[in-house]
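Subject: Structure handover

Hello,

I am passing this structure on to you, with notes on what was found in it. Please read the notes with the structure open beside them.

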Amino acid sequence: MHKSNHQGIRMLLQQYHDGLTNSEIAERLDKDASHIKRALLEMPDAYIDRWTAHRKQWTAVWCVIVAPENCPKPTEKPNARPTKLRRMEPRNLSEIRFGFVLTNASPAGSY
């Protein structure tokens, strides 16, 4: 199925927050159910939300992830000088045991 058809499925599922089955999507888009199933499996934002019984078989109910809005840019000016990060390294290799710094080592390092 062409990528533009993915967009049609995505838009449809965004309208139905409770999700739709493969056959419900195919019916609403007037497409073949096998093509819809293949497209759903290719869509990284589509997922099976739950399973429902239909004619003594389990049927997947599909939803899509709706990405949140971008974080707004702060209105205040940033600090003129960026915050300087201090390196936290042991003073010598003898203070390292099994990948950890001994507790008697100074956490801020020697300055």
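Arg55 is exposed, with a relative accessible area of 72%; exposed means over 50% relative accessible area, buried under 20%, and partly exposed in between, using a 1.4 Å probe and protein chains only. Arg55 sits in the loop that runs between strand S2 (46-54) and strand S3 (57-64). Here helices (H or I, at least four residues) and strands (E, at least two) are DSSP runs, numbered from the N terminus. The phi of Arg55 is near 50°, a positive value in a residue other than glycine. Lys56 lies in the loop between S2 and S3 too, and has a positive phi of about 60° although it is not a glycine. Lys56 counts as exposed, at 87% relative accessibility. For background, most residues other than glycine have a negative phi.

**Where the model comes from**

This is a predicted model, in which local features need pLDDT of at least 70 and side-chain atom pairs count only at pLDDT 80 or more, while totals for chains, interfaces and linings use all residues. Residues are numbered from 1 along each chain as its sequence is written, and side-chain values use heavy atoms, with hydrogens and water left out.

**Overall layout**

The protein has 3 helices and 5 strands. Read along the sequence, their pattern is α-β-α-α-β-β-β-β. Of the 111 residues, 23% count as buried. Contact means heavy atoms within 4.5 Å. Among contacts between residues at least 6 apart in sequence, 39% join residues at least 24 apart.

**The sheet**

An open sheet is formed by 3 strands in the order S1-S3-S2, with antiparallel pairing. Its edge strands are strand S1 (20-21) and S2, each of which pairs on one side only. Two strands count as paired if DSSP finds at least two bridges between them. S2 and S3 pair in the antiparallel sense over 8 bridges. One of the residues involved is His54, whose bridge partner in S3 is Gln57.

Thr59 is found in strand S3 and counts as buried, at 18% relative accessibility. Which residues does Thr59 contact, leaving aside its neighbours within four places in sequence? They are Thr21, Arg50, Trp51, Thr52 and His54.

**Salt bridges**

A salt bridge is taken as a side-chain nitrogen of Lys or Arg within 4 Å of a carboxyl oxygen of Asp or Glu. The whole structure holds 3 salt bridges.

- The side chains of Arg10 and Asp45 meet in a salt bridge at 2.5 Å, N to O. This pair links distant parts of the chain, 35 residues apart: Arg10 is in helix H1 (residues 3-15), and Asp45 is in the loop between helix H3 (33-42) and S2. Arg10 counts as buried at 18% relative accessibility, and Asp45 counts as buried at 15%.
- Arg50 forms a salt bridge with Asp18, and their closest N and O atoms are 3.3 Å apart. This pair also links distant parts of the chain, with Arg50 in strand S2 and Asp18 in the loop between H1 and S1, 32 residues apart. Arg50 is partly exposed, with a relative accessible area of 31%, whereas Asp18 is exposed at 57%.
- Asp49 and Arg50 meet through their side chains in a salt bridge at 2.6 Å, N to O. Asp49 counts as partly exposed, at 40% relative accessibility.

**The largest pocket**

The search used a 1 Å grid over the protein atoms alone: a pocket is an open set of points where a 1.4 Å probe fits, with protein on both sides within 12 Å along at least five of seven lines, and lining residues have an atom within 4 Å of a point. Grid points are joined across faces, edges and corners, and a volume is the space filled by probe spheres set on the points.

The largest pocket holds about 210 Å³ of space. Its lining is made of Thr21, Asn22, Ser23, Glu24, Lys37, Leu41, Thr52, His54, Thr59, Ala60 and Trp62. Helix H2 (22-29), H3, S2 and S3 each supply at least two residues of that lining. By type, the lining residues divide into 3 nonpolar, 6 polar and 2 charged. Ala, Val, Leu, Ile, Met, Phe, Trp, Tyr, Cys and Pro count as nonpolar, Asp, Glu, Lys and Arg as charged, and the others, Gly among them, as polar.

Regards
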